[in-house]
Amino acid sequence: MTRARMPRPHEVAAARRDPRLLRALRERRHDEAWRTRGTCQSVDPETFFPAPNEPADAAVALCRSCDVQGSCLAWALEVGDCHGVWGGTTPRERRAMLVAWRSEVRPDPDALDEAGPPVRDRLLTLVPSS
């Protein structure tokens, strides 16, 4: 497996203007139930995870017609998912978008308070100490 390269400055600059990223920024945390309404629900998941030497055109085309494309891309950028097609973007496109995303989106302190402590800390409180 080859290692993904860092996006070049011109790729990040183009990502900042990409309408898909702008939509994801607008729809971030707007729709928590987006997964239930995605076009991908009726398609084989393998479609969205093509082999490295296979084109992702079919998955990207399906995503273009999806109503939750922005929320899907926002989720992928939030978690840093770099595999498969999410929100109509390929992993290479998302790597550049991720740099732009991180410069635009700041952690929401209210969201952290609502969620409670990080998962690791919650798990530590559940495990009895010896």
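**View 1. R28 and E78 pair up in this predicted model.** R28 is partly exposed, with 22% relative accessible area, and E78 is partly exposed too, at 35%. The closest N and O atoms of the R28–E78 salt bridge are 2.6 Å apart. R28 sits in the loop between helix 2 and helix 3 (57-64), while E78 belongs to helix 4, so this pair ties together parts that are 50 residues apart in sequence.

**View 2. E78 also meets R29.** Here the salt bridge runs 3.8 Å from N to O, linking helix 4 to the loop between helix 2 and helix 3 across 49 residues. R29 counts as partly exposed at 41% relative accessibility. Just after helix 2, R29 takes a positive phi of about 55 degrees.

**View 3. Helix 2 (residues 19-27) has a buried side.** L21, A24 and E27 are its buried residues; they cover an arc of only 130 degrees around the axis, which puts them on the same side of the helix. P19 and R26, on the other side, are exposed. The cover over the buried residues includes helix 1, helix 4 and helix 5.

**View 4. Inside the largest nonpolar core.** Of its 13 residues, L21, A24, L73, L77, M97 and W101 touch the most other members. Helices 1, 2, 4 and 5 each supply at least two residues, with helix 5 giving the most, 5 residues. M97's contacts include A15, L21, L73 and L77.

**View 5. R92 reaches E11.** Their closest N and O atoms are 3.6 Å apart. R92 is exposed at 51%, whereas E11 counts as buried at 18%.

Conventions
Residues are numbered from 1 along each chain as its sequence is written. This is a predicted model: local features need pLDDT of at least 70, side-chain atom pairs count only at pLDDT 80 or more; totals for chains, interfaces and linings use all residues. Side-chain values use heavy atoms; hydrogens and water are left out. Buried means under 20% relative accessible area, exposed over 50%, partly exposed in between (1.4 Å probe, protein chains only). Helices (H or I, at least four residues) and strands (E, at least two) are DSSP runs, numbered from the N terminus. The arc is that of the directions from the helix axis to the C-beta atoms. Contact means heavy atoms within 4.5 Å. A nonpolar core is a set of buried Ala, Val, Leu, Ile, Met, Phe, Trp, Tyr and Cys residues joined through side-chain atoms within 4.5 Å. A salt bridge is a side-chain nitrogen of Lys or Arg within 4 Å of a carboxyl oxygen of Asp or Glu. Lists of a residue's contacts leave out its neighbours within four places in sequence.
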